Protein chains: 2
Amino acid sequence: MRCQIWHGYTWRMTKPAASPLRERTRRAVRGELMDVGMALFARQGYDATTVEEVAQAAGMSKRSFFRYFDSKEDLVLGNQESIGEEVAQALAGRPADEPPWPALRRAFDLVVERMDSAPDRALILLRMLNDTPGLMASQLARRSRWRELLVPHLHARLTPEGASPHDPRPLALAGAALACYEATQATWLASGGTLSVGLLLDDAMSAVAPLET
Amino acid sequence: MRCQIWHGYTWRMTKPAASPLRERTRRAVRGELMDVGMALFARQGYDATTVEEVAQAAGMSKRSFFRYFDSKEDLVLGNQESIGEEVAQALAGRPADEPPWPALRRAFDLVVERMDSAPDRALILLRMLNDTPGLMASQLARRSRWRELLVPHLHARLTPEGASPHDPRPLALAGAALACYEATQATWLASGGTLSVGLLLDDAMSAVAPLET
DNA sequence: CCTAACTTGGCACCCGGTGTCAAGAATGAC
DNA sequence: GTCATTCTTGACACCGGGTGCCAAGTTAGG
């Protein structure tokens, strides 16, 4: 069966490299499914589009669709996880003597740039999230994963020594910064994408706590 | 049909009073369904319990269950909305010259007390949310409704005059405070309910911004 | 008591998601 | 090139949450 000892170590859930060709084709199929799906969603709405339709439009069966994505939501929000990791990485890369709040602001520069560079795509996605409650809920859950990725780096910043197991502060800081980012997104969406994402985020975050030391 | 003109005004979605008796029995049935459902969920898990089981245990059909609750999640998270309104009301009741951040802290006193007064029930609920991703997602979505209830009152505090349509600050403040509350809940849960909710919330919020003027 | 309004259960149905299986295609060893 | 192993695929059945519909029962109120 699966998950057995293999060359001396056990692997779980992740297939080991799986031959670069197969991995590439898999990526390609995933990409096309995303394109096809997003096109259908944009045209006739997320809820009004069945998984079967997407699969059919991509030339496969519903059953095969679920071999490429864990769920319908995954098709839309699959990237979120990796973006969160990038943000956490950016936070880790900030100078150690920088206070948490400005460091968090800088860590979000990456996603700000991403929105600035492709505002149309971002607008479509945000609009879809906004009028699809189930999708919004799912995204909030994935966002709350971002928090957990940020926590360890904040923890190091707050208490350089040792572990304080029941300290709410790193979680609070990460969550607060995330809330500012979400407020930014909402306001930017309400403005139809005309306002500057970076300036909005500056406004939002400095309304909660001062950004400059 | 429904939703027609009736005595001169149109009503939408809400039945007008619907005879106090029927309303009372309806409340009673909802209450019993909640009790029965929560008991089953606590015993055998949320996902492992079907709506049919809950309905059966309460002596009714699945179809009727969905006449009392919009969804399975609604059985668990139905109260959330009204709690959010209470918090918003508490915020509105704070003195007008109090800065937003301490005012938000005080607005949460209500829910802090609620957790303090029934820690067992709170623990059970939090644990259930924590190991049921779908439920967690749904709760985050409902929490984001709290934000919107808080926004108008914060808006009044920030800019006493007129409307600034594209101001991210009220949303950011409300979201940040909520994030502190959620961090508090998470930490309290991790401590097995031993720590003081009020002190944790003080810690969390003052890590983000100073609470005392 | 009688009628109009509401409630109920049962049924069929939709959709997202999963287990299973048999057939087909690619891979890799010889 | 052959052959066995492995991966991929589609089809089918199934589950559970959720809804539309309808016929029968219950209640409210004149």
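Guide: Chain B puts 32 residues into its contact with chain A, and chain A puts in 32 residues; two residues are in contact if their C-beta atoms, placed from the backbone, lie within 7 Å. On the chain B side, helix 9 (133–158), helix 10 (169–190) and helix 11 (197–208) each supply at least two residues, and helix 10 of chain B has the largest share, 15 residues. Helices are DSSP runs (H or I, at least four residues), numbered from the N terminus. This is a predicted model, where local features need pLDDT of at least 70, side-chain atom pairs count only at pLDDT 80 or more, and totals for chains, interfaces and linings use all residues. Residues are numbered from 1 along each chain as its sequence is written, while chains are lettered from A and ligands numbered from 1 in the order in which they are written.

Visitor: Why is helix 6 of chain A called largely enclosed by the rest of the structure?

Guide: Because 6 of the 8 residues of helix 6 (residues 100–107) of chain A are buried, and buried takes 20 or more other C-beta atoms within 10 Å of a residue's own, placed from the backbone. A:Trp101 and A:Leu104 are among them.

Visitor: What do the buried residues of helix 6 of chain A pack against?

Guide: Helix 5 (80–92), helix 9 (133–158), helix 10 (169–190) and helix 11 (197–208) of chain A.

Note on methods. A residue is buried if 20 or more other C-beta atoms lie within 10 Å of its own, exposed if 12 or fewer, and partly exposed in between; C-beta atoms are placed from the backbone.
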